[in-house]
Amino acid sequence: MSSDEQKSFWTLAKPFLRKYLPRYKWGLIFGIISGVIAAAAAGFGLPVIVQAVVPIVFGAVEAPEWLARVSVYCFPDAEMEYAVMWMAALFVPFVMSLRGIATYLNTYLLARTGLGMMTDLRTDVFARLQYLPFSFYDKNTRGKLMTTVIQYTQSVQQQLTQILNDLVVQPLTLVAAIAYLVYAAVSNHDAAVLLGNLIITALCIPLVRCVGKRMVKKMRKVMESMNTVTADVEEALAAQREVRSFNLQKHREQILSASITRFSKSIIRMEAWRAAVAPAIEFVSALALAYSLYRSSGNGLTLSQFTAIATAFYFCYDPIKRLGALANGCQVMGVLIDGINEIIEAKDETPEPAHPRPLPVPVTGAVEFRNVIFSYDEEKTVLKDVSVSVPAGQIVALVGPSGSGKTTFINLICRFYDPDSGSVSIDGIDLRDIAREDRTAAIGLVSQFAALFRDTIGENIRVGKPGASDEEVKAAGTAACVTEFADKHPEGYNLMLAEGGGGLSGGQRQRVSIARAILKDAPILILDEATSALDMKSEALIQQALDEMAGNRTTFIIAHRFSTIRMAQRILVFDDGHIVADGSHAQLYENCMLYRSLYDEQVRSAKENGKEARV
């Protein structure tokens, strides 16, 4: 790796390691100790066995005096020759067992360390996603975010475990092997000439650097392709009704097949470069070993001495090969962490106030817009200098053509976004100065698309008021007509729902969502097409509950059916980002041409279709 690449990797990895590694320091410490033992047993112990133990077993050399004394003590009834042979032979299973146990502990402890770090990282990434502004989701697909949370973190865990393992064992194995070679050179002058072969390892450095650069580029292509595949799968699964209604199965298959093909090709290209490192280093190692074999034949080395030195050379070159893969693994891990950092370090465009101001107790729910200008992007302004004051307890309906700014108006009250300029306040306090928990506690939202979770009906209602009793949950469900269909199931409110509320109809899901808002009992209520998924009979039943809810709280209603806003005391008419009219139905019908045209069109459509129409 070049210095720039190293700096890039360590710049990315240092904050990550500094935050998560201390939590698992004891596993790391004992893993490192195990790695030291495994490295010493392999790099130094095995060559010693080849040079010193094997000749003793085969009788080529005499055993040292200390070994003879220990052998007689351990095998008093055996002949000296056999006792010494057994003692020498036992060094082999001892060293191999020591190496095996230490390698197991090293692998297990470091794997647990890496997995624990990734568990914490994945949790933090998901937690971060819960608080990022809606503008972040506007710029990133759900497929990409799912890939980052699940697959990127999993890949980092795999890379980290391998890096931690190799970073300890391989360098120490290399050091132990070199220590043995130095020992051999000092004890036998004829072996010293073979140490010069280590210089050949320098040929591996340019190769590792070149492969590392290429793998970074290939890994970025892999990540892009992976995001596309996940996005295509998520999109197809989320739109199964449309896919089947328009017979798009083959079309979606072709799109996904093309994405998977690109992903597979990018993986193959990256693996081709990754796989090139090991055989290249092995080829260099073979050249060095062949030269060593040639030189040793004329330097008076015995077969056992050469075999021991060759074994030590192997334990030099194998770590070098693995360290080359380690360098490339660091590059890959850096790219993955960089992708994860897009979430961790994403700018929060609706940050928590440094010194939040408390809302009054109780919250009255007065809402005021002052000269608000807002746009989702630089191309089009959605709200244009909107100013309006809604006193506490007033019921306000928002009407206007699609795209006129009604939903954006609601989004700003919930502080899903902050205005580009101007302010939105509750009870005279700017939303940007109110703590998130206080703000969310003050607002109850029933949106057009009810979002239910994979849980029971009762727990989905209890979202509105965590800790509510079963009686409170059932009372809210009764007010929202949930009991009507819940009692038809043996499990009742304990009926487990599938993802997204699967198992209930659209209207039933909407009733659960309304029950949730009833249970929350917030001072500000927002009904965004709250009864759009209900039939006329169900709407009539629920409308009474909504009338009672809205009676003592500030309420904003977006609806396309005028019947659903009949309880409104005030109507705001939106058009092209402006509030063009403000008043009662009678006032607006008399003085606002846009409102009159919307209302008349609905009446005319109702007469033609024999049912209530929508604007």
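Buried means under 20% relative accessible area, exposed means over 50%, and partly exposed lies in between, with a 1.4 Å probe and protein chains only. The legends below concern a predicted model, in which local features need pLDDT of at least 70, side-chain atom pairs count only at pLDDT 80 or more, and totals for chains, interfaces and linings use all residues. Residues are numbered from 1 along each chain as its sequence is written, and side-chain values use heavy atoms, with hydrogens and water left out.

**Figure 1. Overview of the chain.** The chain has 19 helices and ten strands; helices (H or I, at least four residues) and strands (E, at least two) are DSSP runs, numbered from the N terminus. Of the 615 residues in the chain, 46% are buried. Among contacts (heavy atoms within 4.5 Å) with a separation of 6 or more, 77% involve residues 24 or more positions apart. The chain exposes about 31700 Å², and carbon and sulfur atoms supply 59% of this area; accessible areas come from the Shrake-Rupley method with a 1.4 Å probe, and for residues only the protein chains shown count as cover.

**Figure 2. The salt bridge between Glu459 and Arg462.** A salt bridge is a side-chain nitrogen of Lys or Arg within 4 Å of a carboxyl oxygen of Asp or Glu, and the count comes to 17. The side chains of Arg462 and Glu459 meet at 2.4 Å, N to O. Both residues lie in helix α13 (residues 457-462), three residues apart, about one turn of the helix. Glu459 is partly exposed because its relative accessibility is 33%, whereas Arg462 counts as buried at 12%.

**Figure 3. The salt bridge between Arg23 and Asp120.** The side chains of Arg23 and Asp120 form a salt bridge of 3.0 Å, N to O. This pair links distant parts of the chain, with Arg23 in the loop between α1 (3-20) and α2, and Asp120 in helix α4, 97 residues apart. Arg23 is partly exposed at 46% relative accessibility, while Asp120 is buried at 17%.

**Figure 4. The salt bridge between Glu601 and Arg604.** The closest N and O atoms of Arg604 and Glu601 are 2.4 Å apart. Helix α19 (residues 593-609) holds both residues, three residues apart, about one turn of the helix. Arg604 is partly exposed, with a relative accessible area of 43%, and Glu601 is partly exposed at 41%.

**Figure 5. Cysteines Cys414 and Cys481.** Cys414 counts as buried at 8% relative accessibility, and Cys481 counts as buried at 12%. The count of disulfides (pairs of cysteine sulfur atoms within 2.5 Å) comes to zero.
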